Amino acid sequence: MSGMTEAALLEVHEVQQRYPLPREHLFGPRPVVQALAGVSFTLQRGKSLGIVGESGSGKSTLARLVMALEHPSAGRVCFEGQDLASLDAAALRRARAGFQMVFQDPYGSLDPRRKVLQTVAEPLAVLHGAGRAEQRERAAEALDAVGLRPADLDKYPHEFSGGQRQRIAIARALITRPQLIVADEPVSALDVSVQAQVLNLMQDLQDRFGVTYLFISHDLAVVDLVCDEVIVLQHGRIVEQGAPARLFHAPQHPYTQRLLAAVPGRGAVAP
């Protein structure tokens, strides 16, 4: 997935992201933190790419740039050949129908005051201006796709388990029929027994709908289950990249070795 490929769904080219910090002195220079420092990769349609790193590695910053929630300080993020930072508000709104996000906390990402119908159908209403009848029909289809019932549309988030709430969040991401879903730690807040169910669901949806995943995680064991390729980020730079099987069994970079050593049951990884 390295290099720039015309057929790629997502292209990230030499992306940098810098954030100014408060001045330490009134007339002193304003310090800057470099969250990303020249990150490049491509993601082909229907594939899954994992971005792995510890807190502060830059992976969540990268997710925000891919979702066009921020523009990079330098470099380009291109979706279907379009540089997202170059689009005006109307063009970006149209492009956003093609990429959606699943967040880490399945309860915090759902408004407890809104019924499931309102939550799941919101992207359809905002991005497509769909009427109420179409919203309900498409929301019911999305719930069915994630193993829930149309009757669940009239319930509130607190009436569901954590795993069911994450299914609702995935249904919301699916409703615009996006080509790309950015999943930011989608199972880290779930019990281990539920994690496998949600990961299996995501794989099933990829098989059925051809969804492309950018999978953000701190856990190499998780991305090993669902990703075709993995990028390891440290301090905003790619330190290693390859197929999960290769990274899992023959990691080259000391940082990757350290991440693997933290996976339960693996112990130290030989360099």
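Predicted model: local features only at pLDDT ≥ 70, side-chain atom pairs only at ≥ 80, totals over all residues.
Trainee: What makes the chain as compact as a globular protein of its length?

Mentor: Let's start with what it holds: the protein chain has 9 helices and 10 strands. Its radius of gyration is 19 Å, close to the 18 Å that the globule rule gives for 271 residues, so the chain is as compact as a globular protein of that length. Along its principal axes, the C-alpha trace spans about 55 × 50 × 45 Å.

Trainee: How many of the residues count as buried?

Mentor: Of the 271 residues, 49% do. The cut-off is a relative accessible area under 20%. The accessible surface of the chain comes to about 12,900 Å², and 50% of that belongs to carbon and sulfur atoms.

Trainee: What makes strand 1 and strand 2 a pair?

Mentor: Pairing needs at least two bridges between the strands. Strand 1 (residues 10-20) and strand 2 (residues 32-43) have 9 bridges, in the antiparallel sense, so they count as a pair. Look for Pro20, whose bridge partner in strand 2 is Val32, and for Glu11, which stands opposite Thr42 in strand 2.

Trainee: And what links strand 1 to strand 4?

Mentor: Strand 1 and strand 4 (residues 74-79) pair over 5 bridges, again in the antiparallel sense. Val12 has Val77 of strand 4 as its bridge partner.

Trainee: Why are strand 2 and strand 5 called edge strands?

Mentor: Follow the order of this open sheet of 4 strands, which is 2-1-4-5 with antiparallel pairing. Strand 2 and strand 5 (82-83) each pair on one side only, and that is what makes them the edge strands. Helix 1 (residues 59-66) lies across strand 1, strand 2 and strand 4, and runs at about 115° to strand 1.

Trainee: Which order do the strands of the open sheet of 6 strands follow?

Mentor: The order is 6-7-8-3-9-10, and the pairing is mixed. Its edge strands are strand 6 (99-102) and strand 10 (237-242), each pairing on one side only. From one strand to the next, the twist averages 20°.

Trainee: How do you know that strand 3 and strand 8 pair?

Mentor: We use the cut-off of at least two bridges again. Strand 3 (residues 48-52) is joined to strand 8 (residues 212-217) by 5 bridges, so the two strands pair, and they run parallel. Gly50 stands opposite Phe215 in strand 8. Helix 9 (residues 254-261) packs on this sheet, where it touches strand 3, strand 9 (229-234) and strand 10, and its direction makes about 105° with that of strand 9.

Trainee: Phe215 again! What does Phe215 touch?

Mentor: Leaving out residues up to four places away in sequence, Phe215 touches a list of residues including Leu49, Gly50, Ile51, Ala183, Met202 and Val226. A contact here means heavy atoms within 4.5 Å. Phe215 is also among the residues with the most contacts inside the largest nonpolar core, which has 51 residues. Val120, Ile170 and Leu220 are others in that group. A second, separate core has 31 residues, including Val39, Val77, Leu87 and Met101.

Trainee: Why would nonpolar side chains gather like that?

Mentor: In soluble globular proteins, nonpolar side chains tend to be buried together.

Methods. Residues numbered from 1 in each chain as written. Heavy atoms only, no water. Core = buried A, V, L, I, M, F, W, Y, C linked by side-chain atoms within 4.5 Å. Buried < 20%, exposed > 50% of the residue type's maximum accessible area, 1.4 Å probe, protein only. Axes fitted to C-alpha atoms, helices over the stretch in contact; angles between N-to-C directions. Rg over C-alpha atoms; globule rule 2.2 N^0.38 Å. Areas by Shrake-Rupley, 256 points an atom, 1.4 Å probe, with all protein chains shown as cover.
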